[in-house]
Amino acid sequence: MVKRKKTAAKKKVDRKTTSKKKATRKQDPKSKQCARCLKRKPLDSFGKNPRMKLGRKSYCRDCSSELQREWNEEQREAQKPKRKRR
Ligand SMILES: [Zn+2]
């Protein structure tokens with residue numbers, strides 16, 4: 001007679017929940033706050049600047065264009081009284 005050992009197969013299915021839920025909603029990485037008008041705008045609204053962390057300028061396009069204009073005017077004004085010697 002052959003006695004068959006019945007090994008009760010105890011299968012413990014340990015389901016490791018690997019899916020970590022990141023509930024911490026910090027900032028939307030696709031948007032950025034303009035340092036000038038302080039409005040939150042999508043990254044596309046910022047000019048590219050590889051030197052910056054996010055690769056974007058700290059000013060939105062509207063502000064940067066305005067700043068650029070102001071800067072240009074300033075430069076023009078600054079160059080007026082000074083005569084460039086050639
Ligand atoms: Zn702005």
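**A walk along a helix and a loop**

The model is predicted, so local features need pLDDT of at least 70 and side-chain atom pairs count only at pLDDT 80 or more, while totals for chains, interfaces and linings use all residues. Residues are numbered from 1 along each chain as its sequence is written.

Let's take in the whole chain. The protein chain has one helix and four strands. Both kinds of element are DSSP runs, numbered from the N terminus: helices are H or I with at least four residues, and strands are E with at least two. Read from the N terminus on, the order is β-β-β-β-α.

Now back to helix 1, which covers residues 61–79, 19 residues in total. From its first C-alpha to its last it reaches 26 Å, close to the 27 Å expected at 1.5 Å a residue. That expected span is 1.5 Å times one less than the number of residues.

How many residues of helix 1 are buried? The count is one among its 19 residues, so the helix is hardly covered, where a residue is buried if 20 or more other C-beta atoms lie within 10 Å of its own, exposed if 12 or fewer, and partly exposed in between, with C-beta atoms placed from the backbone. Of the 86 residues of the protein chain, 7% count as buried.

Leu-67 is partly exposed because it has 13 other C-beta atoms within 10 Å. Arg-61 and Ser-45 are 16 residues apart in sequence and 5.7 Å apart in space, C-alpha to C-alpha.

Next comes the loop between strand 1 (31–33) and strand 2 (40–42), where Cys-37 is found. Cys-37 is partly exposed, with 13 other C-beta atoms within 10 Å. Leaving out residues up to four places away in sequence, Cys-37 touches Cys-60 and Cys-63. Cys-37 and Cys-63 are 26 residues apart in sequence and 7.2 Å apart in space, C-alpha to C-alpha.

Leu-38 sits in the loop between strand 1 and strand 2 as well. Leu-38 counts as exposed because it has 8 C-beta neighbours inside 10 Å. Its phi is near 60°, a positive value in a residue other than glycine. Most residues other than glycine have a negative phi.

Definitions and conventions: Two residues are in contact if their C-beta atoms, placed from the backbone, lie within 7 Å.
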